[in-house]
Amino acid sequence: EKNSKIKKVVKVDKSKLKLDLIKLYNFKFFNNFFTHKLFLEVAHADGNFSKNEENIISEIIFEDYSDIDKEIIDKFINNKRLSKDIIIKLLKKLYKEDKSALEEIVNNLFFVGEADGSLDKKEIDKIKELSLGLGLSSNSYEKILDDKLNEIEKKDNQKSIPIIDELMADL
């Protein structure tokens with residue numbers, strides 16, 4: 001008798017989850033909602049959720065949406081039934097034939113990770129976990145990581161340091 005009550009609870013939860021997913025699927029921002037949850041995973045990985053990370057996520061997710069759309073997305077973002085694992089499974093199935101879409105998601109994860117000014121090991125580890133969970137090969141992930149690290153290195157080399165700039169101006 002006790003087990004049948006547990007099964008009923010699980011069944012109710014699954015049916016509510018299914019309804020939530022159907023509602024989401026009918027909106028144009030189905031993909032944005034799911035990637036938003038992954039962006040938050042990366043942004044919180046280093047224990048520092050910065051204003052820049054929040055702004056970058058909002059730019060990526062809420063671009064071209066009305067205030068009503070934003071309210072709907074916010075409602076679903078706070079839905080506890082839609083865990084990271086469920087989202088990864090859905091995205092993996094949704095894009096199983098579209099590797100470039102998954103690579104774009106991973107690139108955006110790196111973009112979010114570096115929004116606070118640095119891409120640290122915890123963020124890189126979280127992105128790797130999510131990338132492999134989405135079904136990207138280790139080689140694909142490593143290529144994206146290498147490209148991102150090279151891009152960051154180029155940016156760092158181009159940063160302006162006032163005293164150096166002054167010295168260079170005098171030469």
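This is a predicted model: local features need pLDDT of at least 70, side-chain atom pairs count only at pLDDT 80 or more; totals for chains, interfaces and linings use all residues.
Select Ile127 and show its surroundings. Beyond its neighbours within four places in sequence, isoleucine 127 is in contact with Val42, Val106, Leu109, Phe110, Leu119 and Tyr141.

The largest nonpolar core holds 32 residues. Ile127 is among those that touch the most other members, along with Leu38, Leu91, Ile105, Leu109, Phe110 and Leu134. Colour the contributing helices: α2 (30–45), α3 (51–62), α5, α6 (99–113), α7 and α8 (138–158) each supply at least two residues of this core. Which helix gives the most to this core? Select α6, which gives seven residues, the most.

Now move to a helix pair. Select α5 (residues 84–94) and α7 (residues 121–133). Their axes lie 9 Å apart, and the helices pack at an angle of about 50°. That angle makes α5 oblique to α7. Show side chains on both. From α5, Lys84, Ile88 and Lys92 meet Lys126, Glu129, Leu130 and Gly133 of α7. Sorted by class, this contact has four charged, two nonpolar and one polar residue.

Finally, zoom out to the whole chain. Of the 171 residues in the protein chain, 35% are buried. The accessible surface comes to about 11,300 Å², and carbon and sulfur atoms account for 52% of that. Then draw the contacts. Among those between residues at least 6 apart in sequence, 74% join residues at least 24 apart.

Definitions and conventions
Residues are numbered from 1 along each chain as its sequence is written. Side-chain values use heavy atoms; hydrogens and water are left out. Buried means under 20% relative accessible area, exposed over 50%, partly exposed in between (1.4 Å probe, protein chains only). Contact means heavy atoms within 4.5 Å. Accessible areas come from the Shrake-Rupley method with a 1.4 Å probe; for residues, only the protein chains shown count as cover. Axes are lines fitted to C-alpha atoms, for helices over the stretch in contact, and angles run from 0 to 180 degrees between N-to-C directions. Helices (H or I, at least four residues) and strands (E, at least two) are DSSP runs, numbered from the N terminus. Angles under 35 degrees count as roughly parallel, over 145 as roughly antiparallel, 65 to 115 as roughly perpendicular and the rest as oblique. Ala, Val, Leu, Ile, Met, Phe, Trp, Tyr, Cys and Pro count as nonpolar, Asp, Glu, Lys and Arg as charged, and the others, Gly among them, as polar. A nonpolar core is a set of buried Ala, Val, Leu, Ile, Met, Phe, Trp, Tyr and Cys residues joined through side-chain atoms within 4.5 Å.
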